[in-house]
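Thanks for coming, everyone. I'd like to walk you through a structure, so please have a look at the screen before I start talking.

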Amino acid sequence: MKWLRTLIIFDQGDVISSKDWATVHKSFVNSIQSIDHPRGSKTLTLRRKTRVDGKWKRNGVGYLRARFLEHMVTSEKWKSEGLVDLARTRPQVTTKLYPSLDDYREPITSEFGGFDFATTAPDGTKIAIEWETGNISSSHRSLNKLCIALSSGIVQVGVLIVPSRTLYEHLTDRIGNVGELSPYLSFWESVRVTVPKGLLAVAVVEQDALTNDESTPYLVQGKDGNAEKA
């Protein structure tokens with residue numbers, strides 16, 4: 001699989017110059033580049049999407065995420081930790097009720113859940129990585145969650161890994177991708193002022209090759225959301 005680029009959305013406190021950032025960036029790029037299909041081929045070759053009996057056949061995304069996480073743990077030797085706690089009990093922003101104008105804090109009644117990968121680098125930097133396997137709304141949610149973790153000081157590095165527009169075309173319908181996130185980057189950049197020290201990045205990935213060869217199977221699709229939509 002190709003790593004195309006890493007976009008630094010913001011860097012508060014010069015995290016980008018740290019050894020921890022250089023180390024984790026090298027590791028997740030290595031892990032991206034390790035993803036192949038068929039397994040053992042050393043390149044990620046995907047079947048092009050095709051329309052059969054009025055329905056699109058595309059590649060699923062779970063395989064890509066699983067291979068990435070596998071390489072981070074087994075080859076790059078990172079320990080996956082459950083260190084991110086965005087609990088309902090965290091402080092909530094104060095709002096105003098209208099028309100009374102009374103101060104009010106809306107209770108947090110749902111939880112974010114964990115990140116795909118969370119770990120601690122050698123010099124103590126807390127890191128959270130999200131591999132995009134959901135639809136575009138899931139990509140927005142992942143970036144929002146990373147921003148809250150950075151703003152709260154729970155992590156100092158947050159990374160979202162997303163497909164390029166070219167890869168997106170051949171994956172599950174409406175999967176998150178950098179093209180659809182690009183208009184909103186200035187919004188996430190504005191979170192910088194709330195972050196004591198932290199770096200937010202988006203890494204863009206793509207297949208090595210596309211094929212029409214019917215002997216190359218499609219990556220297995222899930223059964224939820226838009227996975228089976230035409």
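Let's start with Lys-49, which is partly exposed with a relative accessible area of 23%. Here buried means under 20% relative accessible area, exposed means over 50%, and partly exposed is anything in between, using a 1.4 Å probe and protein chains only. What does the side chain of Lys-49 meet in a salt bridge? The partner is Glu-169, at 3.3 Å from N to O. This pair links distant parts of the chain, 120 residues apart: Lys-49 sits in the loop between β2 and β3 (50-52), and Glu-169 in the loop between α4 (165-168) and α5 (178-181). Glu-169 is partly exposed too, with a relative accessible area of 31%.

A word on what you are looking at: this is a predicted model, where local features need pLDDT of at least 70, side-chain atom pairs count only at pLDDT 80 or more, and totals for chains, interfaces and linings use all residues. Residues are numbered from 1 along each chain as its sequence is written, and side-chain values use heavy atoms, with hydrogens and water left out.

Back to the charges. Side chains of opposite charge can pair when their charged atoms come close. For a salt bridge, we ask for a side-chain nitrogen of Lys or Arg within 4 Å of a carboxyl oxygen of Asp or Glu. The structure holds eight of these salt bridges. Among them is the one between Arg-39 and Glu-70, whose closest N and O atoms are 3.6 Å apart. Arg-39 belongs to the loop between α1 and β2 (45-47) while Glu-70 belongs to helix α2, so this pair ties together parts that are 31 residues apart in sequence. Arg-39 is exposed, at 54% relative accessible area, and Glu-70 is partly exposed, at 36%. Another salt bridge joins Glu-189 to Arg-192, with 3.0 Å between the closest N and O atoms. Glu-189 is partly exposed at 30% relative accessibility, and Arg-192 is partly exposed at 27%.

Now the sheet. The element names come from DSSP runs numbered from the N terminus: helices are H or I with at least four residues, strands are E with at least two. What is the strand order in the open sheet of five strands? Reading across, we have β1-β10-β9-β8-β7, with mixed pairing. β1 (2-12) and β7 (117-120) are at the edges with a single partner strand each, so one side of each has no neighbour in the sheet. Neighbouring strands are turned by 15° against each other on average, direction ignored. Two strands pair, by the way, if DSSP finds at least two bridges between them. Strands β8 (residues 126-131) and β9 (residues 157-163) run parallel and are joined by five bridges. Ile-127 stands opposite Val-157 in β9.

Next, the helices. Angles here run from 0 to 180 degrees between N-to-C directions, with axes fitted to C-alpha atoms, for helices over the stretch in contact; contact means heavy atoms within 4.5 Å. Helix α2 (residues 62-74) lies across β7, β8 and β9, at about 155° to β8. Its buried residues are Leu-64, Arg-67, Phe-68, Leu-69, His-71 and Met-72, and their cover includes α1, β7, β8 and β9. An α-helix has 3.6 residues a turn, so residues three or four places apart point the same way.

Helix α3 (residues 136-151) lies across β1, β8, β9 and β10 (198-206), at about 170° to β9. Is Lys-145, in this helix, buried or exposed? Lys-145 is buried, at a relative accessible area of 2%. The side chain of Lys-145 reaches the backbone oxygen of Gly-114 at 3.0 Å.

To finish, some backbone details. The peptide bond from His-37 to Pro-38 is cis, with omega near 0°, and Pro-38 lies in the loop between α1 and β2. The bond from Tyr-98 to Pro-99 is cis as well, with omega near 10°. Pro-99 is in the loop between β5 (95-96) and β6 (103-104), and Leu-101 is found in that loop too. Leu-101 has a positive phi, near 65°, without being a glycine, and is exposed at 52% relative accessibility. Asp-53, not a glycine either, has a positive phi of about 55°. Asp-53 lies in the loop between β3 and β4 (55-57) and is exposed, at 78% relative accessibility.

How values were computed: A polar contact is a pair of N or O atoms within 3.5 Å; within protein, one must be able to donate a hydrogen and the other to accept it, and residues adjacent in sequence count only if both atoms are side-chain atoms.
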